[in-house]
Every structure is written in C-alpha cells, then in structure tokens.
Amino acid sequence: GKVSFSAWAPPALTEGFNIALESITEVGNPNVEGLPEGPNFFDFGDSEQAMAILRKIGFEDANSIELSEMKWKNLQNGAMLYDVLLNGTSRTREVLLGQTPEETTAIKSLMIQK
C-alpha cells in the first residue's frame, strides 16, 4: 500500500510554533489541567523517526521528502499568529484556551514582541 502525509517540523525549524511554544512556556502554562497526555505532534517531522516507524509497521520502501523552507509570509504579526494557532490547530488551541485571562494577555503580548 501507499501512504502520504505531512507533519510539522520541530519548533526549531518552524518559526511560528517556536514563537508560540516559547511564549506559552515563558509566561503561560504549557501543562493545562484537564488536557489529556498526547504524543509529541512533532515526532513525524523528524524524517528518520517517521521512516523508522513506517518501516516497523510494514512499509518497506518508505521515503521522505523534507520541505524545510516553509515561511508564514501572510502573517503580519504575533497577534495574527496567535489567531491562526487558536483557530487552525487542535492541541495548541486547547493549550491556548486553557490559560487564565492574565496568561492569555501575556502570551499574546510576548508573541507580538517576538
């Protein structure tokens, strides 16, 4: 069989996620109460790890194409990035929604600064 998928590169290679996750860690709460434990959603962004998992489940001729030049050119500022992550992601959305009002304000402010 064949499978095709895309995955987020790790935060160090994904500027938008790096800004957001650093901001949440610095001035917010990355461990939101009630959010179930989940897998690292950047795991498949590591080509070697993704290929090892695919081979382990039977995809013998697995290969990967890394598109590392993704730029979020249409985002004008950190406030827009916050809105994109709030409205266009699942787990990050829940982390953002789980912040106190004070933490939310601080996160947005820091994202704008970065």
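**Helix packing and salt bridges in a predicted model**

Thr-92 lies in helix H4, which spans residues 91-97 (helices being DSSP runs of H or I with at least four residues, numbered from the N terminus). The model is predicted, so local features need pLDDT of at least 70 and side-chain atom pairs count only at pLDDT 80 or more, while totals for chains, interfaces and linings use all residues. Residues are numbered from 1 along each chain as its sequence is written, and side-chain values use heavy atoms, with hydrogens and water left out.

With 5% relative accessibility, Thr-92 counts as buried (buried is under 20% relative accessible area, exposed over 50%, partly exposed in between, with a 1.4 Å probe and protein chains only). Leaving aside neighbours within four places in sequence, Thr-92 is in contact with Phe-17, Phe-41 and Leu-85, where contact means heavy atoms within 4.5 Å.

Leu-85 belongs to the buried residues of helix H3 (residues 78-88), together with Gly-78, Leu-81, Tyr-82 and Leu-86. These residues lie on the same side of H3, because they cover an arc of only 130 degrees around the axis, taken from the directions from the helix axis to the C-beta atoms. The buried residues of H3 pack against helix H1 (15-27), H4 and helix H5 (101-113), whereas Asn-87 and Gly-88, on the other side of H3, are exposed.

Lys-114 forms a salt bridge with Glu-22, the closest N and O atoms being 2.9 Å apart (a side-chain nitrogen of Lys or Arg within 4 Å of a carboxyl oxygen of Asp or Glu). This pair links Lys-114, in the segment after H5, to Glu-22 in helix H1, 92 residues apart.

Methods. Helix = DSSP H or I, 4+ residues; strand = E, 2+ residues; numbered from the N terminus.
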